[in-house]
Amino acid sequence: MKLYLINLDRSADRLAWFRKQIEGMYIDLVRVPAVDARELPDAELERLRGLSSGRNSLSAGEIGCFLSHRKVWEMVVAENAPWAFIAEDDIHFSSDAGNFLRSHEWIPAGTDIVKGEATLKRVEMGHVVEATPFGHELRRLISYHFCAGGYFVTPRTARRLLAATERNCEPVDEIIFSPKYGILGELHALQLVPAICMQHNLVFGSSADEQMASTLETDRVSFHRHDPRSPRLRGWGKIPRELGRVGRQIAVSVRRAALLATGRLIFRTVPFSPRG
């Protein structure tokens, strides 16, 4: 199974760090030059923002990330191997990640996508354990699980993602892992528990390590704070949106409580332990 690593040409230090991390794992690594948003013309950025629903304010970095994942999906389709793992270059692996990255034999038949990554947020998962590869659980992923730093995908699912983004540009993790705004609800998606990877800023928080600072997060924050093209609401304009958000959260909480009471799902943070 190939591991497709998304890495900016100007981030050679991250590539060296990633290669060092996977030494001894015997992984088939394919580096994919990321789309550098700094090199995209303003007209192209605005064209892609025009493909957004307007629900998300897309910074240049978020658009570059979106295009980079699309680039890898095209490669997965062209390769047509049973499974591939797509990684961003700031993820930390668990000590046993190599077991999952060398072969796809542990993935149950009928699965469309497997999220190998964890975040610090609780997510809804099915109460049934569908498999227990290498001492981990595989559970159905039900709710939105943000970040797209590490996931297993089939060519068929990659084709569906390409079709879903042909005329639609949104944050890539929302497209993949949101049941409401993405295609998660159409997929048989599984979550590895514990996870085998997590992004650097979630493992170590606000790190002083400039090499591993999230280029996407830095770009996003700067865009929304300072760029007049950001449509993010401010001041009194935020009130109707925030009231709507609170209402939706209450509705979700009521639905979740009912399902938890019946034992049909679990709601928890996916654990993760980095190597060494």
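Predicted model: local features only at pLDDT ≥ 70, side-chain atom pairs only at ≥ 80, totals over all residues.
Good morning. I shall begin with helix 3, residues 60–79, which lies across strand 1, strand 2, strand 3 and strand 8 (150–153) and runs at about 155° to strand 1.

Strands of a sheet pair through backbone hydrogen bonds, in either the parallel or the antiparallel sense. Here, the sheet is open and has 9 strands, in the order 2-1-3-8-5-9-7-6-11, with mixed pairing. Which strands stand at the edges? They are strand 2 (28–33) and strand 11 (265–269); each has a single partner strand, so one side of each is left without a neighbour in the sheet. From one strand to the next, the twist averages 35°.

For a detail of the pairing, consider strand 6, residues 122–131, and strand 7, residues 137–141, which pair in the antiparallel sense over 3 bridges. Within strand 7, Leu141 is the bridge partner of Met125. Helix 1, residues 12–21, also packs on the sheet: it touches strand 1 (2–7), strand 2 and strand 3 (84–88), and its direction makes about 155° with that of strand 1.

I now come to the aromatic residues. A pair of aromatic rings is described by two quantities, the distance of the centres and the angle of the planes. The structure holds 7 aromatic pairs. One of them is formed by Phe18 and Phe93, with 5.8 Å centre to centre and 65° between the planes, an edge-to-face arrangement. Where in the chain do Phe18 and Phe93 lie? Phe18 is in helix 1 and Phe93 is in strand 4 (residues 91–93), 75 residues apart, and the pair thus links distant parts of the chain.

Ring pairs join Phe18, Phe85, Phe93, Phe100, Trp106, Phe134 and Phe152 into a cluster.

Finally, there are charged groups placed over rings. Arg55 lies over the face of Tyr181, at 3.6 Å from the ring centre. At Phe177, the charged end of Lys115 sits over the ring, 4.0 Å from its centre. Thank you for your attention.

Conventions. Residues numbered from 1 in each chain as written. Heavy atoms only, no water. Pairing = 2+ DSSP bridges. Helix = DSSP H or I, 4+ residues; strand = E, 2+ residues; numbered from the N terminus. Axes fitted to C-alpha atoms, helices over the stretch in contact; angles between N-to-C directions. Contact = heavy atoms within 4.5 Å. Phe/Tyr/Trp six-rings, centres within 6.5 Å; stacked < 30°, edge-to-face > 60°. Lys NZ or Arg CZ within 6 Å of the ring centre and 35° of its normal.
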